[in-house]
Amino acid sequence: MLIDALTLQLGYNASLVAIGAGLLGIAAGATGTFLFLGKRALVSDAVSHATLPGVGLAFILMVALGGDGRNLPGLLAGSALSAGLGLLCVSWLTRRTRLSADAAIGAVLSVFFGAGVVLLTVIQTMSGGRQAGLDSFLLGSTAGMLRSDALIIALGGALVLAAVLVLRRPMALVAFDAEFAAAQGMNVKRIDLAMMGLAMAITVVGLKMVGLILIVALLIIPPVAARFWSERVDHVVLLAGAFGGLSGYVGAAISATAPALPTGPIIVIVAFGLFALSLLAAPGRGVLAALLRHRRFQTRVHLRQGLLALAQGQPIYEPLTLRLMRRAGYVRADGVATEAGRAKATRAALDERRWQMLRGDPRHEAAAARYDGLTPLERVLTADQITELDRGLGPEAAR
Amino acid sequence: MGAEFVSLSLTPMLIGICAAIACALPGNFLLLRGQALIGDAISHVVLPGIVLAFLVTGTVAAWPMMLGAGAAALVAVLLIEAIRRLGRIEPGAAMGVVFTAMFAGGVLLLEQSDTSQVHLDVQHALYGNLESLIWLDATGWSSLTDPEALRALPPELPRIVLTLGFVILFTAILWRPLKLSTFDEGFARTLGLPVRALSLGLVIVAAIAAVAAFDAVGSIIVIAMFICPPAAARLMTDRLEAQIGWSVLFAAMSAVLGYVLAGYGPLWLGGQHAISAAGMIATLSGVILGLAALFGPHRHRSGAPADG
């Protein structure tokens, strides 16, 4: 069943939804990256909640004008207007008052959402117009999605993606260092506005499918997951797009296999799965990689201390050190040093003495700063410098 | 304004006021600490907690649900902290990841489980149902002294009053440490105050207030009351004591005016039905914040030009 869904064999409608969700996910992931890198991920939360009053007002207006209140382009236009207003309120509150950005975000989010709920209850009591259906904007709904709806989503996603491709350089610069970007002669305010406008476009486009409460997840989770795998903006954008697209496509496919699997939440859960995988398994920034690094460092410290103890003829009691020394073949099971262990220990002791020499010599101040008790001196000084240093150690060094 | 008011409007109004104040009090500290959005996150993540509690107990009883919601809030706070530390991710994004994923999980659980027998859905969780918390046995103001009628009070009222009492107690007892650690964490630490425990305690108290208020009035009010009254109060004064006072006043004002407007506003305009009180209360708190942002005596950053 899932295979069928993933290969678009579940019928026209399900295929349409899956492709639309995939495109939406790609666009959302790529756009969200710039918000995330600019540390403004949660602004999108305010924007998405601020769409609700616009949806309600557009419905009321369309009904009042004698049309069909559920006309999707009309509703989306209304949601875009009120989301824009919400965005303006956030930036006005942050710039003109002493309130911080998160307070402004929270205030706009809750107030606009509250106003939207009031409008929804007004609509419920209106006699004219076919009501209901507006609730589906909260959590999204793909049931009974029309071909035109899916086309709007796909087209909107593609447009946003194109805009991201064109604007990626200036947006990355502004996200990382707005002041530098301004010094380069860029119009930071306009680029900022474009970034927010794109996020808003994603929200509006995704409203019907994912719903306004969860659309923000598509803007936040894929970039956060992608950030684990790379330190380069281009790669993070690509990866975030890929993660977002994968979540959208797979999520929509899974949700098509059974009736009680709502599309929006499933897409978010798939995205969170990708995030959890990245958090654990990514090389470099992932948790497992960090554990491995820690483990390797620990091994090096214990081996070094064990070898120094051997060189000074002291017994080793620390169990982990003993185990590591035994595994490396430096000591026998009864704790007596092997041939290889003695040779290594002599080298370690020599290295340590050279380091001590070096650190007492002001000429080597820069090199001495790299002393951590682990790095072999050969990695810091050239062979000639070491020979020079060894002269100070006297006949001992020749041993 | 007699018997009808007492039985239909008094209890929802009281519950609204108590919920608003219980959220606004910790909201002041969260706002000053730059954690204003914690309330937003908590009110999203209580949904999976409530659904899980329902699945475990099979009923919509209040206490298991509150326990479940509290546990979910705690899990969310720990998860946010873990992701922030392990992944070295900025707090806002970590929060966004956690609360959206947990909310999605809650919706999914709800769809998967059979809740057709009980009143449990996402809409209810969002808007609450303040209007339905009426006191049917009341016959007039005299019922307030009638033990028989008092026993039929909606159980949400004593719960939220208890919660408000707890929040006030927490704030009063820990006033000085809270104030110190909010404004100068480094100094508070050198004095030997348990800064981290205080911070976690504040979040837990906020979660308790959020969960209790959520039970009665839905999550919109919770988010709005955590942020709007304290934010508006912040624009009125530079003193924490005064800020708390203003925020309590604003919260109560939003609750009363919002409830009245939602209940009677449409009737005045010739409509037939009341509109969502929760939404109206949130909207009103926004109006108050807007007015404070336009005219509040301390609306500018200190040091900023007067017209800036």
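In this predicted model, a contact within chain B joins Phe250(B), Met253(B), Ser254(B), Ala255(B), Leu257(B), Gly258(B), Tyr259(B), Leu261(B), Ala262(B) and Gly263(B) of helix 12 of chain B to Ala277(B), Met280(B), Ile281(B), Thr283(B), Leu284(B), Ser285(B) and Ile288(B) of helix 13 of chain B. Sorted by class, the residues of this contact between helix 12 of chain B and helix 13 of chain B comprise 12 nonpolar, 5 polar and no charged ones. As for the geometry, helix 12 of chain B spans residues 240–268 and helix 13 of chain B spans residues 277–295, and their axes come within 8 Å while crossing at roughly 130 degrees. Because of that angle, helix 12 of chain B is oblique to helix 13 of chain B, and the crossing in which helix 12 of chain B passes helix 13 of chain B is right-handed.

Helix 3 of chain B, residues 62–87, packs with helix 10 of chain B, residues 195–217, at an angle of about 140 degrees, and their axes lie 9 Å apart. That angle makes helix 3 of chain B oblique to helix 10 of chain B, and helix 3 of chain B passes helix 10 of chain B in a right-handed crossing. Among the residues that make the contact are Ala62(B), Met65(B) and Met66(B) of helix 3 of chain B, together with Ala212(B), Phe214(B) and Asp215(B) of helix 10 of chain B. By class, 14 nonpolar, 1 polar and 1 charged residues make up the contact of helix 3 of chain B with helix 10 of chain B.

Once its neighbours within four places in sequence are left aside, Arg159(B) is in contact with Ala62(B), Ala212(B) and Asp215(B). Between Arg159(B) and Ala212(B) the sequence separation is 53 residues, whereas their C-alpha to C-alpha distance is 7.2 Å. Arg159(B) counts as partly exposed because it has 19 C-beta neighbours inside 10 Å.

Turning to the two chains, their contact takes 48 residues from chain A and 53 residues from chain B. On the side of chain A that touches chain B, helix 6 (101–125), helix 7 (136–139), helix 11 (215–227) and helix 13 (263–281) of chain A each supply at least two residues, and helix 6 of chain A gives the largest share, 16 residues. By class, that side of chain A divides into 35 nonpolar, 7 polar and 6 charged residues.

Definitions and conventions
Residues numbered from 1 in each chain as written. Chains lettered and ligands numbered in written order. Predicted model: local features only at pLDDT ≥ 70, side-chain atom pairs only at ≥ 80, totals over all residues. Axes fitted to C-alpha atoms, helices over the stretch in contact; angles between N-to-C directions. Helix = DSSP H or I, 4+ residues; strand = E, 2+ residues; numbered from the N terminus. Parallel < 35°, antiparallel > 145°, perpendicular 65-115°, else oblique. Left-handed = near helix turned anticlockwise from the far one by under 90°. Contact = placed C-beta atoms within 7 Å. Nonpolar A, V, L, I, M, F, W, Y, C, P; charged D, E, K, R; others polar. Buried ≥ 20, exposed ≤ 12 C-beta atoms within 10 Å, placed from the backbone.
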